[in-house]
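Please work through the following exercises on charged side-chain pairs, with the sequence and the structure open beside you.

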Amino acid sequence: MSGPDVGARVNAGVLEDFEALTAADPGEMLRQVASSAAQIREAQLMTAEAGIARLAGESRPRAVVVVGMGGSAISGDVLAAVAGPGCPVPIMTVRGYQLPGWVGAADLVIAVSCSGGTEETLAVAAEAIRRGCRLLCVGAADSPLAALAAQVKAVFVPVRSVGQPRATLWGLTVPLILAARELGLTEAPDEVFEATASRLEDISNRCRPSSESFLNPGKQLALDLAGAVPMVWGTSALAGVAAYRFACQCNENAKYPAVWGELPEADHNQVVAFDGFFGRLAGGSQDGGDFFRDRSEEPDSRLHLLVLRDTREHSQVIKRREASVELARMRGVPVTEITAEGDHPLERIATLIALVDYATVYLAIALGVDPTPVSAIQELKARIA
């Protein structure tokens with residue numbers, strides 16, 4: 001049996017009608033996405049006021065372990081991407097209820113929760129305290145996480161949510177980068193934060209709701225992907241985090257599936273999907289001459305390869321990217337390539353994330369989906385409460 005024809009449900013016209021578009025976004029997710037630059041500037045002030053400079057007098061940790069879930073946890077991935085492979089200590093993100101067995105007093109644990117009440121994050125932060133780990137907490141003021149930090153006199157950075165945790169990415173992430181800077185783990189001068197905020201303002205202007213689709217890269221990407229199965233690849237570890245962000249935002253904003261990967265690893269598995277049910281076979285290239293073939297089992301959707309390109313790519317990855325794109329196009333798989341902007345890792349990852357954030361909101365609206373609610377998550381929480 002054939003699946004639903006998603007392409008037939010795409011309403012491109014709603015993206016051209018400002019009033020209709022605004023009405024289709026009652027939770028103002030577009031406004032939340034547009035707050036990214038302001039989040040960076042506000043987070044710098046709040047982190048300084050929280051006393052992050054205290055970390056400068058402490059010894060370098062053996063490792064940095066960021067604990068969080070969902071839209072809060074990706075702050076750890078962004079931190080690792082910004083610090084890069086030259087970071088003198090490992091940075092890892094824990095998504096779950098337990099710390100790895102090796103984590104101890106020599107390590108810094110950073111607990112991140114936009115609400116300050118995330119069940120898993122509180123459990124891991126409490127475990128870190130029992131093990132004697134150094135602790136830094138980032139989250140909502142007057143929350144259980146804030147109370148936990150106060151008990152052990154840990155630095156606590158309050159964060160003002162702009163609505164949804166996934167939209168408060170930079171308010172949650174900037175304190176982590178500033179902490180790493182104080183510890184000598186990354187180079188991130190104040191000028192970089194302002195340059196990043198300026199680039200985010202520029203992307204917000206280009207992706208503003210009143211801008212027509214042919215001029216708006218966020219709307220155009222949404223329309224390119226609507227009805228397809230997005231397979232998004234990053235061309236570096238940094239771009240791979242942006243690819244993961246895209247998949248998560250597709251899920252939460254558009255309630256839509258997506259596959260993410262990173263080169264070169266994706267060339268060892270995901271590339272084979274080009275020859276499968278949503279790739280070559282979806283285009284009928286293998287039996288295109290048989291006009292009377294039975295199409296009842298053919299998919300209504302097909303792959304669309306989205307390549308998020310970093311400007312710092314390994315020479316072999318450049319070859320793999322070019323060859324992969326050629327393979328996809330030879331098999332009739334549409335390809336879209338987006339390149340990061342800026343020089344510093346923070347600028348590069350922020351510009352990739354900003355565009356995919358806008359695109360996934362516009363994709364939701366084009367499909368007639370309210371981008372803000374996450375009803376399935378709320379229902380799941382209620383079932384296990």
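**Salt bridges in a predicted model**

E341 is partly exposed, because its relative accessibility of 25% lies between the cut-offs of 20% and 50%. The model is a predicted one, and 24 salt bridges are found in it.

**Exercise 1.** Determine which side chain meets E341 in a salt bridge, and where the two residues lie in the chain.

Solution. Begin with the contact itself: the partner is R206, at a distance of 3.1 Å from N to O. Next, place the residues: R206 belongs to helix 8 (residues 190-206), whereas E341 sits in the loop between strand 9 (335-339) and helix 13 (345-366), so that the pair, 135 residues apart, links distant parts of the chain. Finally, consider accessibility: R206 is partly exposed, with a relative accessible area of 29%.

**Exercise 2.** Explain how R383 and E379 are placed in helix 14 (residues 375-384).

Solution. The two side chains meet in a salt bridge of 3.1 Å, N to O. Because they are four residues apart in the helix, about one helical turn separates R383 from E379. R383 counts as exposed at 66% relative accessibility, while E379, at 44%, counts as partly exposed.

Definitions and conventions:
Residues numbered from 1 in each chain as written. Predicted model: local features only at pLDDT ≥ 70, side-chain atom pairs only at ≥ 80, totals over all residues. Heavy atoms only, no water. Salt bridge = Lys/Arg side-chain N within 4 Å of Asp/Glu carboxyl O. Buried < 20%, exposed > 50% of the residue type's maximum accessible area, 1.4 Å probe, protein only.
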